[in-house]
Amino acid sequence: MRRTKHVHFFMIAAIVATCIVGCNIFNPSNQERVDDDDTDALIYEGYIDIQRAEYTRAAYNFSRAIHSDSASSRAWYGLAKAVLNQYGLNVFEMLKYAKTENNTNGFMKMSDIEVEKYRVGIDTVIKVIDQFIDRDTTDRTDKKIRFSTIANSYTILQLANVAILIRKATSNTAEMFNYDVSSNQIAIDWSSLHNLPTNEAVETVNALASSAQALKADPDNTFPIFRSFLPGSDTVPDDEFKDGALAITDQIIEMSSNLDENPDRASVFISVGNGIDDDGDGCVDEEIWDGQDNDGDGEVDEDQRPGSVLVFKTHWAKRAVASLKIPEGSIYETLDIDRNGIAKEPNEWEFLFAEPDDRDAAKDHRLKFAMNIPFVPGPNGDFIQNKELARTDTDINNIRYDLAWRKANIGGCWLNYTDADFFNWFQGRN
Ligand SMILES: [Ca+2]
Ligand SMILES: [Ca+2]
Ligand SMILES: [Ca+2]
Ligand SMILES: [Ca+2]
């Protein structure tokens, strides 16, 4: 399921209404006052307003129409259109900016003020459309207009949102996305979000998940948009690109809902490839982004390595990681992932079952090192809670859960730690 948006429609209606008072554009003498409960007339007025480029007034009339009948898809569609125009946003122009050309996108070159204008507008329109999608997918509209009708515009808005967010990370789409032509796979490297605060990194994942939802709703119209966003994908035949794009959608959506369900632990899933134990099991960057549990602790894709370590299996219908590589010059040439005193050992980089098919059949996606780090369920069997106690115990001058406690109540890689390793664990935390 797509994530629930918490901003209530009436908040937007209130913003729009405030602007009407503030902007003094609403001028009742121009038209007869339409009754508050006459949905059709209000929608009609709204579209006339749009034709006259009276967008604030249009937004007001569509908001009233929604208030009168919240199931009216034409009213929601009209409101989205009006708000888009209120902010002077043109989706096709936005696609041009979001596109990656010469390893950069148009938003990278804009001034902060210009980008902020786009960001606020995109954010407001997306909030309107999200409520419409939420209703459309839960049978709470009249279905005269469906989400699929606007899926392509929505995709452009979300991808522009992503482009703006990663602009702040002084990163760009070329670093974040990679289309591997030989394996027909899209790879996303979440470690390119390093420079963003956790909440903005989460926002980026959520925006991508929303684009993934749009791709699933209307692949034919939206996949060309994805293509223009992905460097290196120009030469791939349409159907192959579409397969590759669809293969990754569920995994993005799953990552987004994982973040939504664990708001207090978002950094556990989003601080990718940082050379730090982010989840409190003592292992460092032990997981990979494959939608599977690679260390056998019951959690999926916590404390990940970057996407640049993944090698995909060639032309597989489903997204599958074939093997892992240690990127040259990366921290992984010296990093001891399971803290057993040996860095770069095959155990930390090889799957127990080398073939993706065998892993699926055995329902075992662990890496070999996981065989040697038994996890302990803890006193109340609440393993994640114990990991949390360790993860948030970061002050070396006031240690609440010492190494002996961690070995006894979490196990995992803590079992490999010496006192010196334990001291080092606190480095780089507050
Ligand atoms: Ca860890
Ligand atoms: Ca980490
Ligand atoms: Ca795990
Ligand atoms: Ca994993």
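Predicted model: local features only at pLDDT ≥ 70, side-chain atom pairs only at ≥ 80, totals over all residues.
Me: Which residues touch the most other members in the largest nonpolar core?
Reply: Leu79, Ala80, Val125 and Ala160 do. That core has 84 residues.

Me: Which helix gives the most to it?
Reply: Helix H8, residues 147–168, with 13 residues.

Me: And which domains does this core draw on?
Reply: Domain 1 (1–86) and domain 2 (89–261) each supply at least three residues.

Me: What is alanine 80 in contact with, sequence neighbours within four places aside?
Reply: Val125, Val128, Ile129 and Phe132.

Me: What does the second core include?
Reply: Cys283, Leu367, Ala390 and Ile410 are among its 14 residues. This core is separate.

Me: Which residues of H2 are buried?
Reply: Thr39, Leu42, Ile43, Glu45, Gly46 and Asp49. They cover an arc of only 160° around the axis, so they sit on the same side of H2.

Me: Why would spaced-out residues in a helix point the same way?
Reply: An α-helix has 3.6 residues a turn, so those three or four places apart point the same way.

Me: What covers the buried residues of H2?
Reply: The cover includes helix H3 (55–68) and helix H4 (73–86).

Me: Which residue just after H2 takes a positive phi?
Reply: Alanine 53, at about 60°.

Me: Now aspartate 36. Where is it found?
Reply: In the loop between helix H1 (9–23) and H2.

Me: Does aspartate 36 count as buried or exposed?
Reply: Exposed, because aspartate 36 has 11 C-beta neighbours inside 10 Å, and the cut-off for exposed is 12 or fewer.

Me: What does aspartate 36 touch, leaving out residues up to four places away?
Reply: Arg64 and Ser68. Its C-alpha is also 7.4 Å from that of alanine 65, 29 residues apart along the chain.

Me: Last topic, S3 and S4. In which sense do they pair, parallel or antiparallel?
Reply: Antiparallel, over 4 bridges. S3 is residues 177–180, and S4 is 185–188. Tyrosine 179 stands opposite isoleucine 186 in S4.

Me: How many residues lie between the strands of that hairpin?
Reply: There are 4. Asparagine 184 takes a positive phi there, near 55°.

Me: Which S4 residues are buried on each side?
Reply: Gln185 and Ala187 on one side, Ile186 and Ile188 on the other. Both faces of S4 are covered.

Definitions and conventions: Residues numbered from 1 in each chain as written. Chains lettered and ligands numbered in written order. Core = buried A, V, L, I, M, F, W, Y, C linked by C-beta atoms within 7 Å. Buried ≥ 20, exposed ≤ 12 C-beta atoms within 10 Å, placed from the backbone. Helix = DSSP H or I, 4+ residues; strand = E, 2+ residues; numbered from the N terminus. Domains from an automatic or database assignment. Contact = placed C-beta atoms within 7 Å. Arc of directions from axis to C-beta. Pairing = 2+ DSSP bridges.
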